[in-house]
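My notes follow in the order in which I looked things up.

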Amino acid sequence: VCAPVCAPVCAPVCAQVCAQVMRQSVAQGRLTSRSAAPLGHYVSIRLGCFRPRSQTLKLSNSAARRLAVVTRAAQGIDTVSGESTSAMVDYGNLDEIDAALPFTRVFQKVFLEKYWQKRPLLIRQAIPLFQSPVEPEELAGLVLDGEEVTARIILERDGKQPWEVKYGPFQEEDFLSLPKTHYTLLVPGLDRQVPAVSELLNLFPFIPRWRFDDVMASYSPEYGSVGPHSDSYDVFLLQANGRKTWEISDDARYDPDDPEAYEEGPMLRILKNWQPQAGRTLSPGDMLYLPPKVAHHGVALEKGLTYSVGFLAPKRLDLMLSYVDTISDDDDAQTRWEDPDLTLQAHHGEINVGALDKAEAALEALKQDRSHLAKWFGSHITAPKAGPDPKPLEYPMDWPEFVDTVAEVGEARFLESVRVAFVTNKTMGGAANISGLLFVNGQAAELISREAMEVAQILADTHRITMPQLEAAGVPQNSDTKAQKSDDDSEAARAEIRTLVLSLMNDGMLYFLGAEGADDEMYEDGDVEDEDEDEDGGRVEEVVF
């Protein structure tokens with residue numbers, strides 16, 4: 001009752017008293033640590049220690065520490081040593097919101113303007129009641145069974161040296177010999193192996209899909225960590241299960257490109273003199289966004305799984321080398337230096353103004369038009385990465401067969417490892433006599449008709465295509481094209497769409513996830529049955545890749 005009046009004066013004392021009462025209640029069994037946390041949260045609000053999550057969290061250090069005392073005590077933590085892993089870390093300045101993904105269009109714009117590559121953001125319950133598509137045990141099984149899966153095990157302790165890194169492939173004995181605490185299993189590119197994990201990308205429609213790199217899974221038991229470090233790319237850290245504390249800092253001395261920022265000796269890049277500026281505890285469904293160069297340190301409070309959704313940050317040097325490689329066979333690139341206008345100069349060893357002007361002109365001559373630039377860039381950013389390689393169909397599919405199958409299954413989708421993007425003719429400058437380009441795994445396809453370009457946009461945006469979408473583009477489900485009364489342009493557009501889709505299908509880029517009724521329960525331990533009998537005794541279609 002008196003808190004709103006006297007909080008400015010007695011908040012520090014009240015925080016200590018409340019901490020002591022809750023700690024005793026937990027110890028005596030009158031209050032569980034799980035129920036104490038919300039109570040500590042409520043008390044801290046009454047003490048005026050912080051604002052609602054809908055506002056920016058701006059705490060003085062003293063207020064943040066008072067809040068940490070209350071919350072940590074609610075979990076039965078020694079507020080001096082802080083040794084218990086059940087600590088609920090909550091201090092420092094960090095914007096925090098309650099919002100479920102995907103964001104509204106309004107907040108998508110706010111996020112891009114205020115946070116993207118600018119400042120961190122904690123999103124509470126970004127995916128409410130989140131159920132991880134992969135459990136920790138399944139993750140270990142995937143590492144053991146999959147030849148395409150690369151993995152690392154980080155041993156903070158109990159290794160040959162602190163922060164020892166072990167690289168796969170692993171055997172079952174490797175997991176059986178792990179300690180109970182202080183290790184982490186990292187599995188990059190999980191989205192390329194598990195279709196359900198790749199669906200996470202659909203939660204970020206406000207970020208260009210070609211910027212996406214991969215989803216890395218991180219499993220840790222209690223105390224598991226990979227140490228304080230800094231990255232050069234954007235990342236969304238989604239807590240799948242278990243709880244994890246994250247400490248962050250945007251201190252310039254933790255620059256990921258500065259070798260002096262890291263400890264000497266460990267196999268991992270561990271930051272020196274780690275001094276975080278803010279910390280929070282994430283529960284299942286919570287997500288932390290970190291821009292490039294924001295250093296971070298995560299420690300598991302209990303066994304759990306974290307998904308790191310990373311977005312590509314290519315180096316300018318890589319872009320330059322890739323671009324030069326595409327023009328190396330150009331006639332202008334093969335032209336030698338010419339100087340018929342050479343004049344007498346004062347010094348034999350001097351590089352004069354005329355020479356520098358000629359060098360600059362030679363480099364300028366290598367620049368290509370915007371359409372060439374678009375074709376190079378699209379091919380570069382969709383170049384295939386590690387993961388299952390597309391395998392052409394042994395028996396190529398014709399259009400009637402494709403139509404029948406997609407009508408039954410519902411959709412054809414890209415193999416999870418395939419990278420796709422498109423560019424319109426308008427973006428390329430409008431000079432080319434095409435509607436645009438579709439890039440698939442580094443290869444560019446020119447599309448003439450507007451209808452084919454619309455299908456390409458759907459494929460690049462959603463990584464799948466359905467029969468209703470094809471019909472909306474003018475390709476009817478009835479595959480008898482002779483029966484269609486239309487002009488030559490419409491038929492040419494339909495033919496172009498059929499050619500595009502069938503080429504992707506027969507090259508192994510597209511696949512059908514399963515026939516009607518062939519859900520996940522058909523398959524055990526990841527095995528796909530070649531064929532089975534349905535309720536009527538009919539043959540269930542083989543899953544096509």
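I started with Pro102, which sits in the loop between β2 (96-98) and α4 (105-114). In this predicted model, the peptide bond joining Leu101 and Pro102 is cis, with omega about -5 degrees. I then looked for another such bond and found a cis peptide joining Gly168 and Pro169, with omega about 10 degrees. Pro169 belongs to the loop between β5 (164-167) and α6 (172-176).

Next I went to the loop between β3 (121-124) and α5 (136-145), where Gln125 is found. I noted a phi near 50 degrees for Gln125, a positive value in a residue other than glycine. Leu129 lies in the loop between β3 and α5 as well. Its phi is near 55 degrees, again positive in a residue that is not glycine. Are these residues buried or exposed? Gln125 has a relative accessible area of 30%, so I put it down as partly exposed.

The C-alpha atoms of Gly159 and Pro179 are separated by 9.6 Å, and the two residues are 20 apart along the chain.

I moved on to helix α15, residues 488-506. I wanted to know whether its length fits its residue count. At 1.5 Å a residue, its 19 residues should span 27 Å, and I read 26 Å between the end C-alpha atoms, which agrees. Buried residues in α15 include Ala493, Ile497, Leu500, Val501 and Leu504. After α15 comes Gly508, with a positive phi near 85 degrees.

How do α13 and α15 lie relative to each other? Two packed helices are described by the angle and the distance between their axes, so I looked up both. The axes of α13 (residues 450-462) and α15 come within 8 Å and cross at roughly 30 degrees. That angle is under 35 degrees, so I recorded α13 and α15 as roughly parallel to each other. On the α13 side, the residues that meet α15 are Glu451, Ala452, Val455 and Leu459. On the α15 side they are Ala493, Glu496, Ile497, Leu500, Val501 and Leu504. I sorted the residues of this contact into eight nonpolar, no polar and two charged.

Then I turned to the nonpolar cores. The largest has 48 residues, and those with the most contacts inside it are Phe111, Phe204, Phe236 and Tyr307. I listed the partners of Phe236, leaving aside neighbours within four places in sequence; among them are Phe111, Trp116, Phe204, Met287, Tyr307 and Phe311. Another core, of 35 residues, lies apart from the largest one and includes Ala412, Leu459, Ile497 and Met505. Leu459 and Ile497 had already come up in the contact of α13 with α15.

Of the 545 residues, 44% are buried. Among contacts between residues at least 6 apart in sequence, 76% join residues at least 24 apart.

Terms used
Residues numbered from 1 in each chain as written. Predicted model: local features only at pLDDT ≥ 70, side-chain atom pairs only at ≥ 80, totals over all residues. Heavy atoms only, no water. Helix = DSSP H or I, 4+ residues; strand = E, 2+ residues; numbered from the N terminus. Expected span 1.5 Å × (residues − 1). Buried < 20%, exposed > 50% of the residue type's maximum accessible area, 1.4 Å probe, protein only. Axes fitted to C-alpha atoms, helices over the stretch in contact; angles between N-to-C directions. Parallel < 35°, antiparallel > 145°, perpendicular 65-115°, else oblique. Contact = heavy atoms within 4.5 Å. Nonpolar A, V, L, I, M, F, W, Y, C, P; charged D, E, K, R; others polar. Core = buried A, V, L, I, M, F, W, Y, C linked by side-chain atoms within 4.5 Å.
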